[in-house]
Amino acid sequence: MSVRAQAAILDNAKRVYAKGAHADGPVSGAALLAHLAGGDDKANGIISVEYLMKVVKGEALSRFYDLLSNQRANVLGQIRNRSDMKNVLRELFGEDTGDLNARELAEAWRAASEYLRRRFNAAGGAIGKLSNWGVPQSHDAFRVGAVSQEAWIDHVMPRLDRMRMLDGDTGLPFSDGKLREVLADVYDIIVSEGNARKGDVARLGQRPMWKRYSEHRFLHFKSADDWMAYQERFGGTEPLDAMMGHVHVMSRDIAMMEVLGPNPKATVAWMKGMIAKDAMVRGTVADRLGIGKGQHSLDVVFDYLRGENNRVVSPTMAMAGASLRNWQTATKLGSAVISSLTDTVTSGLTHAYNGLPVTGMMRNMLGQFNPLSRIDREMAERAGIVGEEFLRRVSVKGRDNMEELFGGRLEGDMPLRYRAAERANALTRRLADGVIRFQGLNFWTQAMKKAFYQSAVGTMSVHKDVAFDALPGAFRGFLERGGIDARGWDVIRSSETMSFRGKEWIDTNRIADEAVRTRLMAAIRGNMDYAVPEAGARINAAVTQLKPGTFAGEAARTLFQFKGFAIATTAMHLGRAMAQGNIATKGAYGVTFLAGVTLMGTLVEQLQLLKDGKDPRSFKDWSLYSKGFLRGGGAGIYGDLIKHSSTEFGQGWEDVIAGPGLQTLWTVGSLTGGAVWDAYDPDKDVKYGERLARALKSEVPGSSLWYVRAPYNRMWIDTVMGWANDDYIKSQRRLVKRAEKENTGYWYQPGDFAPRRAPNFANAFSSPPEE
């Protein structure tokens with residue numbers, strides 16, 4: 001099967017990329033990379049590992065959507081039906097709880113896990129079917145390693161279902177002695193994170209992927225209570241977390257095996273060899289010089305996709321770095337939803353490019369925002385179009401949540417610094433999630449994605465009686481770029497329908513041909529990321545190639561924070577422009593994109609002014625559009641630096657380029673060690689009150705929320721700054737007078753406890769002041 005996968009990859013590379021002047025050249029590194037990561041608009045008909053993983057994961061989630069919906073959190077982050085999960089878990093272990101709802105939810109999980117097992121085996125895997133298989137267990141290597149091998153075995157052994165754990169040599173249940181010997185081997189594998197086996201120092205990760213799951217269900221617990229007891233002590237995860245982890249890992253490995261064959265690592269090595277061989281034999285000097293770059297790109301993206309980039313070197317340092325980044329989100333990203341309004345431009349452009357009606361986009365968006373009906377949101381969610389925000393709200397991922405579920409305290413075996421870092425990470429993650437949730441950013445992002453899915457399905461449904469060759473050109477191009485031909489279209493349009501909004505819509509879950517269904521969903525998801533841009537595998541791989549838990553790795557992740565959206569938006573849409581057939585179409589797409597995001601960015605700039613307590617500027621002031629250009633391109637915070645030396649958080653160019661985390665460290669330092677050091681300098685006039693006020697302005701979680709920012713600054717920051725500096729209020733009054741002179745006054749003036757008037761919206765349509 002690996003040979004077959006390699007032949008398909010080579011055929012795709014030649015069919016899609018080797019055209020014109022490149023027809024007789026070496027195999028393109030970009031063509032090979034397109035099989036790993038999406039984001040290349042030239043890769044027509046190629047499904048990458050990145051997007052195939054999303055498709056498989058979405059289909060699995062759709063099969064137990066009711067369970068996910070049952071366990072979703074409320075607006076405060078609290079799981080609504082937490083106790084129901086215990087009955088679901090008991091049903092999965094074969095217990096009759098008498099709870100019909102729990103039994104149905106358990107069956108939904110079984111259907112999802114069986115789908116993953118079947119598809120994994122179809123790709124060349126070898127996972128046997130087990131009766132009454134409940135939930136995969138999770139092992140925390142640090143907690144297991146915190147106790148001795150004997151203590152771990154003594155804890156787990158009485159909880160195992162011995163009759164289901166058979167000795168491969170005898171076909172009978174393990175004897176006590178043999179089971180302890182095997183469990184010792186399992187202990188070594190867990191604590192070494194797969195890097196060592198008893199009597200075998202070879203890494204488990206070097207085994208072919210098709211063999212990887214033949215042993216992963218070796219431990220069979222007697223009951224749900226035994227499973228929970230083990231997780232409480234050595235897993236640190238809830239049942240739903242274990243389910244979600246299983247879906248993620250299986251989806252990733254299925255995608256890799258379907259694209260790269262049963263041994264993906266060997267296929268990537270073959271791809272690197274092809275780059276070198278073809279460049280040396282058939283290439284130019286430039287091709288030969290590019291060998292290393294092409295091979296490195298494959299390595300970096302492949303390591304990212306298989307999770308190698310997430311292997312932590314120092315857990316304490318990794319959690320400290322994550323806490324610092326969570327803190328930036330909690331303190332500085334409270335108005336990001338305003339900048340995200342530019343998604344309407346990229347979504348509209350993506351709709352038009354694929355022949356989907358832009359008017360339909362607006363109607364679908366309004367349906368998503370309707371608080372009185374969930375029908376529009378559920379329609380997409382049941383097709384697996386669920387985002388990370390939804391998954392976070394059903395998968396709480398925290399040792400503190402395990403305590404809440406099962407009661408009591410977890411064992412305090414870990415070092416104090418580790419537990420402190422873990423607690424800090426959990427706290428800052430909750431603060432960050434709260435800020436993202438309460439400003440409406442996740443809701444907006446997911447609404448835009450679900451609206452795009454509805455537009456695609458709606459367009460297919462409208463044209464389901466139209467033959468492939470008679471389809472509108474742009475929509476037919478959408479299908480063709482996804483690798484769907486006339487036969488595939490016939491399969492789609494003849495599939496079962498569902499009733500939605502009083503009409504019959506194609507039900508993507510019921511498309512009988514799995515290959516066609518996969519291609520369609522990959523095409524929808526690929527364009528969904530153009531409609532609502534986010535950093536994909538290519539960008540994330542470049543940032544995360546340095547290991548977490550190292551100084552370099554944490555620094556890179558921190559420096560890159562908040563920059564991914566701007567890079568993704570520009571790279572994806574300008575890349576799509578360059579992929580067009582001729583100069584005219586390249587220019588038309590590029591100009592439309594830049595003009596659209598500039599105009600919407602200008603509106604965003606006006607909303608940012610209102611959020612800060614200022615009147616909107618005149619649209620006739622052409623300098624406004626330069627800031628709109630940066631806002632629209634996703635630069636957000638950079639827009640503040642066009643005419644000013646600092647952002648609203650007091651950051652200069654050097655701070656913004658370095659990342660907001662550096663400012664936090666500098667602020668904390670100025671109030672602690674820096675303050676002590678400056679106190680010994682008699683010639684230095686240190687204004688400690690001003691330092692404190694700046695810290696309160698930039699480092700208080702939730703203070704950057706768009707509906708909180710102006711009153712927080714006026715009622716709190718101005719008061720503290722006035723106490724700290726007698727000249728502060730005078731300087732603010734000068735700013736007010738200057739703003740009025742420039743016809744951009746304050747509706748919520750500095751130093752005022754409450755606004756004196758409403759915003760002057762008419763100012764946006766007035767003439768700008770003369771220079």
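**Salt bridges and a nonpolar surface patch**

Arg 63 and Glu 59 both belong to helix α3 (residues 49–63), where they are four residues apart, about one turn of the helix; helices (H or I, at least four residues) and strands (E, at least two) are DSSP runs numbered from the N terminus. The structure is a predicted model, in which local features need pLDDT of at least 70 and side-chain atom pairs pLDDT 80 or more, whereas totals for chains, interfaces and linings use all residues. Residues are numbered from 1 along each chain as its sequence is written, and side-chain values use heavy atoms, without hydrogens and water.

The side chains of Arg 63 and Glu 59 form a salt bridge (3.0 Å, N to O), defined as a side-chain nitrogen of Lys or Arg within 4 Å of a carboxyl oxygen of Asp or Glu. Glu 59 is buried, at 11% relative accessible area, while Arg 63 is partly exposed, at 34% (buried, under 20%; exposed, over 50%; partly exposed, in between; 1.4 Å probe, protein chains only). In the whole structure, 46 salt bridges are found.

A further salt bridge joins Asp 376 and Arg 501, with the closest N and O atoms 2.6 Å apart. This pair links distant parts of the chain, 125 residues apart: Asp 376 lies in helix α19 (residues 375–381) and Arg 501 in the loop between β1 (497–500) and β2 (503–506). Asp 376 is buried, with a relative accessible area of 9%.

Phe 438, in helix α22 (residues 416–439), is partly exposed at 39%. Together with Trp 706 and Tyr 707, Phe 438 makes a nonpolar surface patch of about 300 Å².

Conventions. Patches are made of residues with over 30% relative accessible area and no salt bridge: like charges are joined within 9 Å, nonpolar side chains (Val, Leu, Ile, Met, Phe, Trp, Tyr) within 5 Å. Accessible areas come from the Shrake-Rupley method with a 1.4 Å probe; for residues, only the protein chains shown count as cover.
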